[in-house]
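Open the model in your viewer and keep the selection tool at hand. We will go from the whole protein to single residues, one stop at a time.

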Amino acid sequence: MAVTSKTLQWLCSLLLLVGVASALKFELPAHTGGESHRKERCIRNFVNRDTMVAVKSIVGGHKGDGMVVNIHIRDALGNEYGRPRDVVGENRVVFTSHSDASFDVCYENLFSGSHRPSPSIREIELDVEIGADARDWSAVQANEKLKPVEADLRRIEEMTGEIVREMEYLRSREQKLRDTNESTNTRVKWFGVGTTWLLIGLWAWQIMYLRAYFRSKHLI
């Protein structure tokens with residue numbers, strides 16, 4: 001059993017390395033909120049359709065310190081997934097994507113009142129988990145009464161399935177790009193052939209026209 005547990009931990013670590021989770025920390029300065037001074041800090045990720053995404057934010061500071069941090073989660077197609085307001089401490093938003101598109105997690109730090117704190121910044125820690133990583137496996141294990149090894153196997157199975165689906169998606173994209181390149185090459189080839197024959201025809205017409213012109217002038 002010890003060997004099995006170590007093997008599962010190794011597999012989980014390997015899959016996490018190729019996963020799509022990302023985490024970062026940054027400082028978010030406050031501003032007055034005017035349209036001309038609007039300063040959102042956005043982090044973008046790409047997600048496939050019908051994929052679970054968990055966005056966890058840890059916002060420093062405290063309420064009443066003269067600043068308000070708002071979060072806006074939206075994708076490139078205009079779908080909105082959450083707008084938490086006045087966030088302090090840990091905040092978690094879980095959603096399922098509507099389409100294959102990139103989504104933005106945007107933060108805005110506004111002054112709240114006449115008080116201007118110094119320094120006027122909030123520290124933000126962002127952790128984005130996509131797919132199997134976004135699920136609460138402790139809750140799954142408790143609800144389905146799974147053993148720890150069974151829960152690890154379920155997680156590995158889902159992560160492996162996501163990798164396979166991602167590979168299939170990349171393969172289909174590569175197929176589309178190859179078809180587009182072949183179609184473009186064919187069109188360019190026939191365009192080149194048509195242009196060549198057009199130039200040959202124009203050259204022949206110019207020769208005939210010049211011969212007729214010189215004959216009319218009795219030059220030849």
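Buried means under 20% relative accessible area, exposed means over 50%, and partly exposed lies in between (1.4 Å probe, protein chains only). This is a predicted model: local features need pLDDT of at least 70, side-chain atom pairs count only at pLDDT 80 or more, and totals for chains, interfaces and linings use all residues. Residues are numbered from 1 along each chain as its sequence is written, and side-chain values use heavy atoms, with hydrogens and water left out.

**Whole protein**

Show the cartoon first. Helices (H or I, at least four residues) and strands (E, at least two) are DSSP runs, numbered from the N terminus. Trace the chain from that end: the order is α-β-β-β-β-β-β-β-β-α-α. Of the 220 residues, 29% are buried. Now show the surface. Its accessible area is about 14,900 Å², and carbon and sulfur atoms hold 57% of that. These areas come from the Shrake-Rupley method with a 1.4 Å probe; for residues, only the protein chains shown count as cover.

**Strand S7**

Select residues 101-111. This is strand S7, and 11 of its 11 residues are buried. Which residues point one way from S7? Ala101, Phe103, Val105, Tyr107, Asn109 and Phe111 do. Ser102, Asp104, Cys106, Glu108 and Leu110 point the other way. In a regular strand the side chains alternate between the two faces of the sheet.

Two strands pair if DSSP finds at least two bridges between them. Strand S2 (residues 41-47) pairs with S7 in the antiparallel sense over 7 bridges. Click valine 47: its bridge partner in S7 is alanine 101. Next, select strand S4 (residues 67-75). S4 and S7 run antiparallel, joined by 9 bridges. Here arginine 74 has aspartate 104 as its bridge partner in S7.

**Two loops**

Go to aspartate 50, in the loop between S2 and strand S3 (52-59). Its phi is near 55 degrees, a positive value in a residue other than glycine. Is aspartate 50 buried or exposed? It counts as exposed because its relative accessibility is 58%.

Jump to aspartate 86, in the loop between strand S5 (80-82) and strand S6 (89-96). Aspartate 86 also has a positive phi, about 50 degrees, although it is not a glycine. With a relative accessible area of 26%, aspartate 86 is partly exposed.

**Salt bridges**

A salt bridge is a side-chain nitrogen of Lys or Arg within 4 Å of a carboxyl oxygen of Asp or Glu. By this rule there are 7. Select glutamate 129 and arginine 92: their closest N and O atoms are 4.0 Å apart.

Now pick arginine 171 and glutamate 168. Their closest N and O atoms are 3.2 Å apart. Both lie in helix H3, 3 residues apart, about one turn of the helix.

**Last stop: a nonpolar patch**

Select Leu199, Leu202, Trp205, Tyr209, Leu210, Tyr213, Phe214 and Leu219. Together they make a nonpolar surface patch of about 840 Å². Patches are made of residues with over 30% relative accessible area and no salt bridge: like charges are joined within 9 Å, nonpolar side chains (Val, Leu, Ile, Met, Phe, Trp, Tyr) within 5 Å. Zoom in on phenylalanine 214, in helix H3 (residues 148-216). Phenylalanine 214 counts as partly exposed because its relative accessibility is 33%.
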